[in-house]
Amino acid sequence: MGVIANPPPDPSLLPDYVLDLEVKPAYKDYLPPAELGALVKFQRLSDYIASAMIFLKSDALLESELSQDDIKFRLLGHFGTCPGLTLVYSHFNRLIVKNDIDMIYVVGPGHGAPAILADLWIEDSIGAFISEYPRTKLGLEKLIKSFSWPGGFPSHINAEVPGSIHEGGELGYSLAVAYGAVMDKPDLIVGVVVGDGESESGPLAAAWNSHKYIDPAESGAVIPILHANGFKISERTIPGTNDDKELVALYTGYGYQVTVVKDMPNINDQLAAALDWALVEIKKIQTAARTGKPIVKPRWPMIVLRTPKGFSGPKTLHGEPIEGSFHSHQVPLPEAKTDKEQFDLLKTWLSSYKVDELLTAEGVPIDDILSLIPKDPKKRMGQLKETYDGFEPLDLPDWKPLAKEKGTQFSAMKAVGEYLDLAFQHNPKNIRLFSPDELVSNKLDAVFDHTTRDFQWDPETRAKGGRVTEILSEHCCQGWMQGYTLTGRVGIFPSYESFLGIIATMMVQYAKFMKMAKETKWRKDIGSLNYIETSTWTRQEHNGFSHQNPAFIGTVIKIKSEVARIYLPPDANCFLSTIQHCLRSKNYVNLMVGSKAPTPVYLSAEEAEAHCVAGASVWKFASTDGGLDPDVVLVGIGVEVTFEVIAAASILKKLVPSIRVRVVNVTDLMILQPMSSHPHALTAEGFASLFTLDKPVHFNYHGYPTELKGLLFGLPNLDRVSIAGYDEEGTTTTPLSMMVLNKTDRWSVASHAVEGAARSNPLVQVQSHVLISQLQHQRRKHQEYVVLHGRDPDGLFDTPEF
């Protein structure tokens with residue numbers, strides 16, 4: 001059986017009364033003829049431009065007889081979603097003009113760039129930022145040729161596209177981004193189109209719960225539109241095979257009011273009525289909340305839009321349907337340049353839009369179409385300030401009054417919680433913490449001294465302006481933080497270390513968006529993404545092997561160096577200095593790795609600040625003669641691994657006084673890259689001042705050793721370097737046993753020191769075998785003790801004394 005066009009879903013076994021849950025706004029003859037005509041003409045022009053962008057390199061406006069020479073050599077782009085995206089865009093414009101609202105369009109089907117670029121050209125938002133594409137005949141010809149052309153716009157929506165706050169390269173994040181954008185923006189509405197293929201992804205499925213975290217008194221609203229056009233790249237979609245009863249039941253269960261728009265002969269009337277209804281419902285919910293009478297569990301509006309895939313395009317080819325099938329998903333006529341039958345179909349298709357009726361002689365859209373464009377450019381979706389110039393710097397308190405006393409032990413996460421409590425008090429409307437239900441476990445609960453969570457379906461936290469948005473979905477936390485950040489605010493994402501990898505590809509896509517944004521002159525600064533990685537493998541011995549994974553560090557290392565920042569503060573004071581720096585920073589991905597357990601405070605406030613500014617320093621208190629003329633250099637990068645380095649230095653001082661040890665701590669990981677690789681990289685002189693020119697160096701590193709090897713690659717004389725780190729060894733054991741399993745413990749570090757010092761110090765050399773044997777014996781004895789007693793011996797985590 002061949003493919004059929006627009007195959008209807010099989011009827012479900014749900015009872016018919018389920019459809020009583022659907023909202024059905026009246027729409028017969030809803031639009032005045034002039035308004036309806038303007039919408040249809042806008043859609044015709046946009047669909048023509050989108051189609052032409054995919055196919056044409058010349059004769060962009062069909063001013064002469066089209067030939068196969070006018071067709072691009074490489075046909076790239078996705079047409080199937082374009083007519084639906086333009087249909088929605090035109091109606092959002094109508095909503096803006098009619099109601100004078102601020103609106104952003106988030107596009108889930110990111111490869112629908114031809115439609116969005118066409119719409120932006122029509123409203124003159126491309127020309128407003130990029131002078132090569134004015135709203136003229138020449139500007140349109142250049143836009144059509146340059147799409148998916150070297151040096152032109154890519155085939156998916158990215159940071160180069162005005163109005164965009166969502167990278168179109170990966171599916172599943174549009175809805176969460178949309179909801180993040182409206183948080184603390186009470187006058188903003190974000191319309192988001194969710195592709196029905198995209199809706200099958202896990203991140204998108206979780207994001208349907210996002211409205212439960214929106215306080216209508218303080219935040220704006222999202223209008224979600226599920227675009228059920230039935231097909232993805234080569235198969236039917238789940239929503240495309242759901243009947244209306246199944247979709248209405250599903251989204252009603254999520255807590256929405258649902259309306260289904262599907263009457264294609266009257267699609268403009270029905271969609272206009274649906275959007276007007278949605279706006280009325282939003283205002284009703286917001287007004288109730290803002291007048292002190294909030295609706296409990298408000299049912300926000302949501303639209304299911306059923307249209308054929310690729311409608312307005314070619315109908316069939318060789319007896320197979322194109323419109324209403326997966327054949328329209330990408331390029332409907334892929335051989336148009338070489339196959340006469342496909343070329344003739346293309347000519348018929350493009351001419352059907354009658355583009356000459358839609359443009360003036362100068363190439364400007366006719367007045368009917370312009371009537372749908374907001375007269376104030378600042379109101380146009382491609383020029384709304386929040387999408388490119390919305391950054392609000394934080395009013396940050398000084399961290400030093402919170403500094404902990406040098407020589408004591410204190411949890412870095414508890415200190416950070418105290419600082420964030422102050423930061424929230426200073427910035428009640430432009431900073432949020434997005435947490436996957438681990439805040440108290442991660443010892444950050446001091447933030448609750450003056451705020452609460454912001455979960456609207458829980459009476460304990462409803463309508464209280466909480467700064468903590470907590471859900472057990474890392475994908476939602478990441479998407480919300482992206483939307484919140486890209487519209488001008490600052491977000492923080494704390495997490496168990498082992499589970500940040502869940503959002504690794506989301507972070508990478510965002511980093512790509514940010515890189516392109518920095519290279520796009522008209523986009524202004526944005527706040528940094530701030531990750532706090534704690535509950536790390538070094539103290540996850542109680543949860544077992546599944547919770548032991550520092551791989552997110554490596555993911556951040558791999559992104560563009562202009563964007564990547566990785567910090568491993570060794571104590572509470574250094575973490576306080578680091579969190580303030582990161583919250584002030586712009587245009588970065590900041591990863592901060594630290595411990596929630598009490599650990600020694602090595603440095604005073606002033607020392608910590610100097611250490612963090614430098615990124616690394618010699619710790620004279622733990623070094624022989626302040627680190628002068630060492631036999632070996634021991635380096636700690638991370639909290640617990642640094643403690644083991646200091647414990648090793650203490651052991652060596654007692655066991656073998658003749659060894660000369662220099663202890664170095666690195667808090668800014670990226671200083672270790674070769675100078676040309678990262679803005680923070682040490683100079684050759686700076687590297688030598690810390691690690692000498694020729695003495696053995698042993699790194700005790702929190703992450704995977706291969707990451708550090710990659711950073712150091714290219715530096716001279718690396719045969720003197722040894723590295724220990726997380727080596728995928730773990731289980732349910734004890735804290736120090738975890739270090740032993742991964743050879744980052746004090747006895748392993750001390751053994752490396754003896755081995756290295758023996759190369760140049762004869763007093764160490766003659767006893768190195770005996771010393772190393774003693775150290776390894778102590779290491780084995782510790783493991784025997786652990787197995788026998790189920791805990792580490794007392795006193796092993798006391799601050800070492802020198």
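The model is predicted, with local features requiring pLDDT of at least 70, side-chain atom pairs counting only at pLDDT 80 or more, and totals for chains, interfaces and linings using all residues. Residues are numbered from 1 along each chain as its sequence is written, and side-chain values use heavy atoms, leaving out hydrogens and water.

**Arg-462**

Select Arg-462 in the loop between β9 (431-435) and β10 (468-470); strands are DSSP runs of E of at least two residues and helices DSSP runs of H or I of at least four, both numbered from the N terminus. Arg-462 is buried but has no salt bridge, and the nearest side chain of opposite charge, Asp-458, is 6.5 Å away. Buried means under 20% relative accessible area, with exposed over 50% and partly exposed in between (1.4 Å probe, protein chains only). A salt bridge places a side-chain nitrogen of Lys or Arg within 4 Å of a carboxyl oxygen of Asp or Glu; Lys and Arg count as positive, Asp and Glu as negative, and His and the chain ends are not counted.

Next, display Gln-456: its backbone oxygen lies 2.8 Å from a polar atom of the Arg-462 side chain. Not counting residues up to four places away in sequence, Arg-462 touches Val-296, Phe-455, Gln-456 and Trp-457, where contact means heavy atoms within 4.5 Å.

**Cysteines**

The structure holds zero disulfides, a disulfide being a pair of cysteine sulfur atoms within 2.5 Å. Select Cys-574, whose nearest cysteine sulfur, that of Cys-612, is 4.1 Å away. For Cys-582, the nearest cysteine sulfur is also that of Cys-612, at 9.6 Å. Cys-574 is buried at a relative accessible area of 0%, and Cys-582 is likewise buried at 0%.

**Aromatic rings**

There are 30 aromatic pairs in the structure. Rings of Phe, Tyr and Trp (its six-membered ring) pair if their centres lie within 6.5 Å; planes under 30 degrees apart count as stacked, over 60 as edge-to-face and the rest as tilted.

Select Phe-434 and Tyr-484, an edge-to-face pair at 5.7 Å centre to centre with 75° between the planes. Phe-434 lies in strand β9 and Tyr-484 in helix α14 (residues 474-486), so the pair ties together parts 50 residues apart in sequence. Phe-434 is buried, with a relative accessible area of 0%, and Tyr-484 is buried at 0% as well.

Move on to Phe-493 and Tyr-531, whose ring centres are 5.7 Å apart and whose planes stand at 40°, so the pair is tilted. Phe-493 belongs to strand β11 (residues 490-496) and Tyr-531 to strand β12 (residues 529-534), so this pair ties together parts 38 residues apart in sequence.

Finally, select Tyr-213, Phe-434, Phe-455, Trp-480 and Tyr-484, which form one aromatic cluster.

Technical notes. A polar contact is a pair of N or O atoms within 3.5 Å; within protein, one must be able to donate a hydrogen and the other to accept it, and residues adjacent in sequence count only if both atoms are side-chain atoms.
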